[in-house]
Amino acid sequence: MWFFDNLALGFSVALTPINLFYALLGVFLGTVIGVLPGIGPMTGIALLIPITFGLPPTSAIILMAGIYYGAMYGGSTTSILVNTPGESSSVVTCFDGYQMAKQGRAGPALAAAAIGSFIAGTFATLVLMLIGPAVAAFALNFGPPEYFTLMLAGLTVVTSLAGRSLVKALLATTIGLAIATIGIDLQSGVPRYTFGNPELLDGLEFLVVAIGLFALSEVLVNLADLRQAIQERLAIKGGLWLTREDWRRATPAFIRGTLSGFFVGGIAGAGAAVASFFSYGIEKKMAKHKAELGTGAIEGVAAPEAANNAAAGGALIHLLCLGIPGSGTTAIMLGALLMLGLQPGPLLFQQQPQFVWGLIASMYIGNAMLLVLNLPLVGMWVKILDIPLYLLVLFIILFSFLGVYTMNNSTQDLFLLLVFGILGYLLRRLDIPAAPIILGMVLGDLMEQAMRQSLLISDGSYAIFVTRPFSLFFLLLAIVSITNPYWKYIGVGLRRWFGRGAPA
Amino acid sequence: MFDKRIVWIALFALIAIGVTACATGGGYPSKALEIVAPAGAGGGWDTLARTVQRSLEVEKLYPQPVTVVNKVGGGGGVGLAYIFTKKGDDYELVVYSPPLIINTLNKTFENNYKELTPLAKLITDYQVIMVKADSPYKTLGDLIAALKKDPGSVKIAGASSPGSMDHLSVAKLAKAAGVEPGKMVYIAFNDVGSGISALLGGNVTCMSTGAGESIAQLEAKTVRVLGVSSAERRGGALKDVPTWKEAGFNVTYEVWRGIFGPPGMSADAKKWWGETLKKMAGTKTWKESLEKLQWVDAYADADAFAKFLTEEEVSYKELMTATGFIK
C-alpha cells in the first residue's frame, strides 16, 4: 500500500526528536505570533526564516508550517477574550466569540475554536495526502507553456482577491514583477537594473524585501500610532469544555466551515480571511439557530475557525504540488524553500519523498500539539498581551536586521531593508496590499523564464499558449479571475440594455 | 680573545632575528588562514573550499586555524572584489572554476582574474549531452547530423544562462563538428531538475549538464547519455558512455576547479602553498573526500595551472566570440 508506506516514511522523519522539537517550536512561536495583534503569519514567517538557515530543509519546513498553523490557532484567542483579532482571518471570530466570553462562556468558545481548527487542519492534511501525489503526477506532464499560464492564473487569482481595490492590488503585483527583473537575465545572461553593482547581479534578496515590507513597516506603523490602547480583558469563567448542547450545535458548523474553507480559501485561492467571512455567511443561511448569530452563538466561532485553518491547509496543497503559492504566507514559504535550494512543485514528490511526507506527518503531530498547547495554557497566551508595545517593536527591529545580515553578511542588504521598510509603510498608508508584491517577486522570475522558454520552443509563436489544452484552460482561468470584479457591472449593463431590470 | 665587534654583530643579528620572528611568528605561516568561497553554502565552490579546509586541518598541514568565508553574488564577482581588497595578504585563498575566465571575458567581473596568484588546479568534472530514453537520436553523431541539417530544430536545454558552461560546452562540440554555434537554440532553465523535467516531458530535444547530474536519471533508464566530454572513458554508471572523441569529434571540455592566492602574494607564501597543496592532494583525507563527492583528481602545480589557464582563456575567447558573447 503506497499510502501507508508513504505515511510510515513520513512519521519516521517527523518523529525524530529533533523534528518533533522543531514542530513544537514552530507551533509555539506561531501561537505567540497569532496572539500578538498586528504581527500576522506573514510577518512572523518572514522574521523567523533566518533561524531556519543551516537547518536541513525538512526541519526548516516543519518549523515554518508549525508557525503557519500556530498563528491560525493563536489568532482566535485574542478575538474571543479581548475582541482584538490577532489576524485578519480571526476578525469574524470576534463577532460571536467576544459575546460568548461576555456571557461567561469564554471556555467553550476557546474550545470550539481549538477543536474546529484541529478538525479542519486534520482534514486538509488528509486531503493533501490523498490527492497530493495524484496532482503532482499529473502536473509532471506540464512543460514551460503550462507553467507560464498556471503561474499567470495563480497570480491573477491572488491579486484579484488581495485587497479592496483591484487596481491597487494590480499595482502591487506589478511592483513585485518589476523587482523580479533585477539581476542577470537567465535567457540572455545580460544584467538588468544592476547599475554596475555586483551585489545586485543575483537580484534582490527575497528575504530583504519580505522582512522590510512586512516586519519593518509593521514597526513603523506601530510607532506612528503609538498609543497603548487599554484593552478590557475578559476572565475565563466556568468550564473549558463544550456541553452536550454545544457539541450538537457546533458539529455541523465544524463540517460546513471545514469544507467551505478548504474549497473557497484553499483550492480556489481566496485565502484564510475570505474563507472565514464566507463560512460565517454560510452559517447565517444554514445554521439551525441562525437568529442567534452575532449575539454569542457557538456556530459563529466554530465555522470560521475551522474555515481559516482548512484554507491554510488547502494553500499548502498548491504550494507543494504545483509550486504555486495560494496566499501571501505561502508565497513567503515558497521564497524560503527556494533559498533552501528546494523547488516546490510536482518533482518534489518524486525527488524528495522524505521531505514531503515528513512535512505531512508533522502537520498531524503539529495539530495535536496545538490542541494541547491551546486549551490548558490559554491563560499563559493571554499574558503575552502584557508585553509593552515599545519592547515588542525593539525586538522586531533587532530580529529584522539580524536576520537579514546573517544571510549574506552584506551591509548593502541592511540599507535595502530600510528602503523596503519605508516603502512598506507608505504602501500601507496608501492601502496598497503588500502580499501581491511578494507573490509577484517570487513568481515573476519563474514566470518570465517559463514564457521565454515556451517561445524558444515554439520558435517565437505565441500560439503555443492556446494550442495546448491545459495552457488554454489556465489562460482562461486567469482572464476570468481578473475580470471577476467587473461582472456585476456587465450584468447591470446587460439588464439595462435589455430593459428588463426590475426596479428595486 | 674575542673581538668586541663580533659580539656586537652577534647581538644585533640576534635582535634582528628576534624582531623578524615576532613579525612573522617564526616564518610562514604564522596566522589564521581564510579561504573565500565566492558563492553560497552548499555549492561547488563552497564544497571545495570546505574540503580543502578539512584536509588541511585533519592532516595537520596548516598549523593555524583555517576558516571558510562565503562571499555571495555576482556569479563570483563579489568574492573576486573581496579578494582584490586583500592585495599582498598571504593569509587569503580563494577557489574558482571556468566562470572565473568566462565572467572576465564577458565583462561581468570588474577585476581581471590574471592578477590573482594561481596556486594549484585540484579537481575536475565533465559535461554530458543526454536525450530522453525513447529519443530517435541514438548517438552523438545522429544529434550533430540533425544540428547540421537544421540548427533550429534541435532545442538544447541547460541549467544556466547562455554563455555559461552548459551552453559553451555544447558550443565547443558543435564548433568542432562544423556547426555554427551562434545558430543553435539554447534554452536556459532555473535548475537541473526543471531542465530534466522539460527533457522528459518532450519539450526539448536534448540537455547539456554536468556528468554527476546525469547519473540518477541514467540509472533510472529515463535518459540516454550520448557522450561525455572527458579525454578518456569514465567509470561507474558512465562506463558505457562514449567520449566525444570516441564519437568522432576531436574535442574535450573540462570543468576544472582550482585554488588561488590574492594579487601580489609573496614568493615565499606561493612556494609554501605549492609544496603544501601537493602534499594535501596526496593525503588520505583528500582522496576519500574526492571519492565521496565523485570528483576527479586533476592536480597540477602552480606553473602548469597558470599555463593551463592561458590556454583556457584562448579557447573560451574563440568560443565566446563564435557564440556572440564577446563583441
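Leaving out neighbours within four places in sequence, A:Glu299 is in contact with A:Arg249, A:Ala253, A:Glu283, A:Ala287, A:His289, A:Leu293 and A:Pro304. Contact here means heavy atoms within 4.5 Å. This is a predicted model, in which local features need pLDDT of at least 70, side-chain atom pairs count only at pLDDT 80 or more, and totals for chains, interfaces and linings use all residues. Residues are numbered from 1 along each chain as its sequence is written, chains are lettered from A and ligands numbered from 1 in the order in which they are written, and side-chain values use heavy atoms, with hydrogens and water left out.

Stay with A:Glu299. It lies in helix α12 of chain A, residues 299–322. Helices (H or I, at least four residues) and strands (E, at least two) are DSSP runs, numbered from the N terminus. A:Glu299 counts as buried because its relative accessibility is 2%. The classes are buried under 20% relative accessible area, exposed over 50%, and partly exposed in between, with a 1.4 Å probe and protein chains only. One of its contacts is polar: the side chains of A:Glu299 and A:Arg249 are joined at 3.0 Å. A polar contact is a pair of N or O atoms within 3.5 Å; within protein, one must be able to donate a hydrogen and the other to accept it, and residues adjacent in sequence count only if both atoms are side-chain atoms.

Beyond four places in sequence, A:Ser59 touches A:Asn19 and A:Tyr22. With A:Asn19 the link is a polar contact between side chains, at 2.7 Å.

Now turn to the nonpolar interior. In soluble globular proteins, nonpolar side chains tend to be buried together. A nonpolar core is a set of buried Ala, Val, Leu, Ile, Met, Phe, Trp, Tyr and Cys residues joined through side-chain atoms within 4.5 Å. The largest one has 172 residues. A:Leu204, A:Phe206, A:Leu213, A:Ile332 and A:Ile438 have the most contacts inside it. Another core, of 84 residues, lies apart from it, and includes B:Trp256, B:Trp286, B:Trp295 and B:Phe308. Back in chain A, A:Leu204 touches A:Ile179, A:Ile182, A:Val209, A:Leu416, A:Phe420 and A:Met441, not counting residues up to four places away.

Charged pairs come next. Over all chains, the structure holds 20 salt bridges. Each is a side-chain nitrogen of Lys or Arg within 4 Å of a carboxyl oxygen of Asp or Glu. B:Arg50 pairs with B:Asp46, their closest N and O atoms 2.8 Å apart. Both lie in helix α2 of chain B (residues 44–58), and because they are four residues apart, about one helical turn separates them. B:Arg50 is partly exposed at 33% relative accessibility, whereas B:Asp46 is buried at 4%.

B:Lys86 and B:Glu92 form a salt bridge too, with the closest N and O atoms 4.0 Å apart. B:Lys86 has a relative accessible area of 22%, so this lysine is partly exposed. B:Glu92 is buried, at 4%. A further salt bridge joins the side chains of B:Arg233 and B:Glu246, at 3.0 Å from N to O. These residues are 13 apart, both in the loop between β8 (223–228) and β9 (254–261) of chain B. Both count as partly exposed, B:Arg233 at 40% and B:Glu246 at 47%. Chain A has a network of salt bridges, linking A:Asp185, A:Arg192, A:Glu448 and A:Arg452.

The structure holds 24 aromatic pairs over all chains. The rings of A:Tyr462 and A:Phe465 have centres 6.5 Å apart and planes at 50°, so this pair is tilted. Rings of Phe, Tyr and Trp (its six-membered ring) pair if their centres lie within 6.5 Å; planes under 30 degrees apart are stacked, over 60 edge-to-face, and the rest tilted. A:Tyr462 is exposed at 53%, while A:Phe465 is buried at 6%. In chain B, one aromatic cluster is formed by B:Trp45, B:Tyr96, B:Trp256, B:Phe260, B:Phe305 and B:Phe308. The charged end of B:Lys121 sits over the ring of B:Phe308, 3.9 Å from its centre. For such a placement, NZ of Lys or CZ of Arg must be within 6 Å of the ring centre and within 35 degrees of the ring normal. B:Lys71 sits likewise over the ring of B:Tyr82, its charged end 4.3 Å from the centre.
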